[in-house]
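Keep the sequence and the 3D view at hand.

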Amino acid sequence: MKKTKIVATIGPASMELDTLRQMIKKGVNVARINFSHSSHQQAREIGKRVRQLNEELNTNVAILADLQGPKIRLGLMEEGTTVKKGDQLIIQTEEITGNNERLFISYKDFAKDVKVGDRILMDDGKIIMEAIATNNINEVTAEVIHGGPVKSKKGVNLPNTKLSTPSLTQKDLKDLYVAMQEEFEWIGLSFVRNSADIISLQSIIRSNDSTARVVAKIEKPEAIDDLEEIVKISGAVMIARGDLGVEVPMEQVPALQKKIIRMGMRYSTPVIVATQMMESMIENASPTRAEVNDVATAVYDGTDAVMLSGETSVGRYPLKVVEAMVKIIEEVEASGEVTKHEFPPVDQNKRYISNSICYQACKLADQVEAKSLVCMTHSGFNAFKISSHRPVAEICVFTHNKSILNTLSLLWGTKGYFYDHTKDTDSTVKDVHQILKDEEVIKNGDYIINVASMPALEKGMTNMLKLSVVD
């Protein structure tokens, strides 16, 4: 089993049931619904098909509902519009068809938020402008720093501007309620600026009795300033390298990627590396060598998951790109060079005993070359904690809580199993060993480590570690 998980965006190229079935069989662990492009009807249909295939294939593929967030875009432009360095033009919030003198931007508070001297980047930074005047109502005068063709509906980034808009737009709230109704496991929050954005979304989720967890998308400079707190409280984080590479200097992104992955391990928060991983395979049947190295680097760094966007949603080769990514992952993991970081528990809080058991179990598993590390969990806490230590052993998570089985599919190295028998600890250990033997995960003579709580019937904190030989 590959340990690094694959998130694949589902779209026109992958919506067909048989295509989706083949993608899951080839190694997709999480299906992403991009609400920037998917309607509510499409989202519900994708959810239905993934659930159907989970039943058919006995898999636990999770669904990530990715909210659009306050994405700023240009309006329609006249065909062939081009601007050059030194040009001055008006950017307005009243809708028009734009040209090289005036253009429309979708963000209504643009003129209020933008200050003189702020940079205005368009089309992934291909066009660079600087604000030289604003009427603070509906118009900003900008001077072109780096010109080129200006195309309709392209994205706009404001790296120096503090946006007043909330992180959840009205569209996002409507999409969020669909995601909660459909019981999707993960909710992606775009353009996170600080930990308060995460807390706000988590509050809405809890108030609707949803068990969904928040994926904080790191793509704004403000998020980097509050990075540790965001990572600490989020369900997972996504390194959204597209907008991040425009909002901060692009040369900083590789170091940030390593820093965020390392921080994710520290706080047992899964990390997804996203954007342009296999971009050329939207059109081509094989990746570039640079893309192979990019995916491999993320796996070497120890990321929990790598993500495919346009490659599987609109690309010509959705199955081939999954196959290629799996080959890269398996080759890197077979090398034994995946990075892990030592983060022994130090804070003697209410989780100290559980944290210590999970940490020592992983150390022991590596020392004795255990085949499997088995944990019992209700909330998923043990699975998140053990996964963050990146043990060599297979992480087999048994739970009576069906709602977290799919959730765990995002975590590095984990495989979930449903187990709802109420027995004493010794009987439970014997049961799960037999299940793993039947699944051919372990065989006679293998070392296996169990972590659990004693007494088992109380379902308390993890306080037991057992090393045994399978017989």
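## A buried ring cluster

Phe 398 is buried, at a relative accessible area of 0% (buried means under 20%, exposed over 50%, partly exposed in between; 1.4 Å probe, protein chains only). This is a predicted model, where local features need pLDDT of at least 70 and side-chain atom pairs pLDDT 80 or more, while totals for chains, interfaces and linings use all residues. Residues are numbered from 1 along each chain as its sequence is written, and side-chain values use heavy atoms, without hydrogens and water.

The structure holds 2 aromatic pairs. Rings of Phe, Tyr and Trp (its six-membered ring) pair if their centres lie within 6.5 Å; planes under 30 degrees apart count as stacked, over 60 as edge-to-face and the rest as tilted. Phe 398 and Tyr 417 are stacked, because their centres are 4.8 Å apart and their planes at 10°. Phe 398 and Tyr 419 are edge-to-face, with centres 6.4 Å apart and planes at 85°. Tyr 417 is buried at 8%, and Tyr 419 at 5%. Ring pairs link these three residues, Phe 398, Tyr 417 and Tyr 419, into a cluster.

## Charges over rings

Lys 415 lies over the face of Tyr 417, 5.4 Å from the ring centre. The charged end of Arg 351 sits over the ring of Phe 381, at 3.9 Å from its centre. The criterion is NZ of Lys or CZ of Arg within 6 Å of the ring centre and within 35 degrees of the ring normal.
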